[in-house]
Amino acid sequence: MNLRHLLRMSRWARNPPSEKKVKLVIGVIVLCLILVAVERLFGWPAWLTPDRVPKGRIN
């Protein structure tokens, strides 16, 4: 473990983040997990897959 990580953990132990910030981080993590679950269940839509364009051809 890096010394920087130990210093950051000690600072967080002395001054923990607010409840609002913790809820925000947990909400973002839950949203990401929901998006991953939906993508795993239904797959990646074909209309979101970009088409390859040959080099030198610009429309």
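Val38 is partly exposed, with a relative accessible area of 41%; partly exposed lies between buried, under 20% relative accessible area, and exposed, over 50% (1.4 Å probe, protein chains only). This residue belongs to helix H2, where helices are DSSP runs of H or I with at least four residues, strands are runs of E with at least two, and both are numbered from the N terminus. The model is a predicted one, in which local features need pLDDT of at least 70 and side-chain atom pairs count only at pLDDT 80 or more, while totals for chains, interfaces and linings use all residues. Residues are numbered from 1 along each chain as its sequence is written, and side-chain values use heavy atoms, with hydrogens and water left out.

The protein chain as a whole contains 2 helices and 0 strands. Its radius of gyration, taken over C-alpha atoms, is 21 Å, whereas a compact globule of 59 residues would have a value near 10 Å; the globule rule is 2.2 Å times the number of residues to the power 0.38. Along the principal axes, the C-alpha atoms fill a box of roughly 60 × 30 × 20 Å. Of the 59 residues, 0% are buried. The accessible surface, computed by the Shrake-Rupley method with a 1.4 Å probe, comes to about 6,400 Å², and carbon and sulfur atoms account for 66% of this area.

Helix H2 covers residues 19-42. From first to last C-alpha, its 24 residues reach 34 Å, close to the 34 Å expected, the expected span being 1.5 Å times one less than the number of residues. Just after H2, Gly43 adopts a positive phi of about 85 degrees.

Val38 also contributes to a nonpolar surface patch of about 690 Å², together with Val22, Ile26, Val30, Ile34, Leu41 and Phe42. Such a patch joins nonpolar side chains (Val, Leu, Ile, Met, Phe, Trp, Tyr) within 5 Å, from residues with over 30% relative accessible area and no salt bridge.

Because Lys23 and Glu19 are 4 residues apart in helix H2, about one helical turn separates them. Both Lys23 and Glu19 are exposed. The count by this rule is 1 salt bridge.

Helix H1, residues 3-14, holds Arg8, which is partly exposed with a relative accessible area of 44%. The C-alpha atoms of Arg8 and Lys21 are separated by 17 Å, the two residues being 13 residues apart along the chain.

Definitions and conventions. Patches are made of residues with over 30% relative accessible area and no salt bridge: like charges are joined within 9 Å, nonpolar side chains (Val, Leu, Ile, Met, Phe, Trp, Tyr) within 5 Å. A salt bridge is a side-chain nitrogen of Lys or Arg within 4 Å of a carboxyl oxygen of Asp or Glu.
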